[in-house]
Amino acid sequence: MSLLDIRHMTMKFGGLVAVDDFSLELNPGELVGLIGPNGAGKTTVFNCITGVYKPTSGQVVFNGRDITGMRPDLITRLGIARTFQNIRLFGSMTVLENVMVPLHWRLRSTFLEAACNTLRYPAEEREMRKKAMALLESVGLAPFADYLASSLPYGSQRRLEIARALSAQPEVLLLDEPAAGMNPRETQDLMEFIRKVRKDFHLTVLLIEHQMRVVMGICERIVVLDHGATIAHGSPEKISRDPKVIEAYLGVERHA
């Protein structure tokens, strides 16, 4: 049984069809790439999965439950977390505080208990910090726990954004262009990092990425979008030789 099942999803903005009859099944533990030219509809797919948009038609089913159009925070609680194409860290907060943010919804203390600093809230706060530090240890960011997030190098900020998503304890992790703006060394480190967190956290990963080195290097299968429609689906080897994919990326005529 698939973990995440996207069924004939279409997203229209007025007369513009951003995603057209898109279907995809993600099985537990898979690492799948979603690629395509700029404007192909990739991030719109992510936004429909995570509740930012409600699809015009179709379904998003997670763990057998229809989550189509559900609120983003509820979808995150169910077990789907994401990162963004443009880093969205809380720059004025520390690395540790950024990772603690998604843990707050698990607190049992009420707002009044937190405001009055009753016995239960400090105990939960300590436990939350302990969990956040353990996560930072596992992703190699513990030495920077007290640094402001905005002070980290670019590659480390990307890693922190993924760590913050992991603190929500997801089953499915959606990564939106995590290698954007990285140099070759940072890109190689990121590839190894994604492999590690996928294994250590038992994740299913859907990855949007423009760097073909990343996609071909870590994805087990790839889906290609062009103008909102799926034009190819298969192994990295198959995708790299597909004439429709080459045409979509390079503008090469099929008969050439």
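I looked up the second largest pocket, which holds about 230 Å³ of space. The model is predicted: local features need pLDDT of at least 70, side-chain atom pairs count only at pLDDT 80 or more, and totals for chains, interfaces and linings use all residues. Residues are numbered from 1 along each chain as its sequence is written, and side-chain values use heavy atoms, with hydrogens and water left out.

I noted the terms. A pocket is an open set of points on a 1 Å grid over the protein atoms alone, where a 1.4 Å probe fits, with protein on both sides within 12 Å along at least five of seven lines; lining residues have an atom within 4 Å of a point. Volume is the space filled by probe spheres set on the points, which are joined across faces, edges and corners.

**Entry: second largest pocket**

I found 16 lining residues, with Asn38, Gly39, Ala40, Gly41 and Lys42 nearest the centre. β2 (16-26) and α1 (42-49) are the elements that each give two or more residues to this lining. Helices (H or I, at least four residues) and strands (E, at least two) are DSSP runs, numbered from the N terminus. α1 gives the largest share, 4 residues. I sorted the lining by class: 4 nonpolar, 10 polar and 2 charged. Ala, Val, Leu, Ile, Met, Phe, Trp, Tyr, Cys and Pro count as nonpolar, Asp, Glu, Lys and Arg as charged, and the others, Gly among them, as polar.

**Entry: largest pocket**

I read off about 460 Å³ for the largest pocket. Its lining has 19 residues, and Thr76, Ala81, Arg82, Phe84 and Pro102 lie nearest its centre. α2 (72-78), β6 (80-82) and α6 each give two or more residues. The largest share, 4 residues, comes from α2. By class I found 11 nonpolar, 3 polar and 5 charged residues.

**Entry: α6 and α7**

I then checked helix α6 (residues 154-166) against helix α7 (residues 184-200): their axes come within 10 Å and cross at roughly 15°. So α6 is roughly parallel to α7, a label for angles under 35 degrees. Axes are lines fitted to C-alpha atoms over the stretch in contact, and angles run from 0 to 180 degrees between N-to-C directions.

Which residues of α6 meet α7? Gly155, Arg159, Ile162 and Leu166 do, against Glu186, Asp189, Leu190, Phe193 and Val197 in α7. Contact means heavy atoms within 4.5 Å. I sorted these contact residues into 5 nonpolar, 1 polar and 3 charged.

Terms used: Angles under 35 degrees count as roughly parallel, over 145 as roughly antiparallel, 65 to 115 as roughly perpendicular and the rest as oblique.
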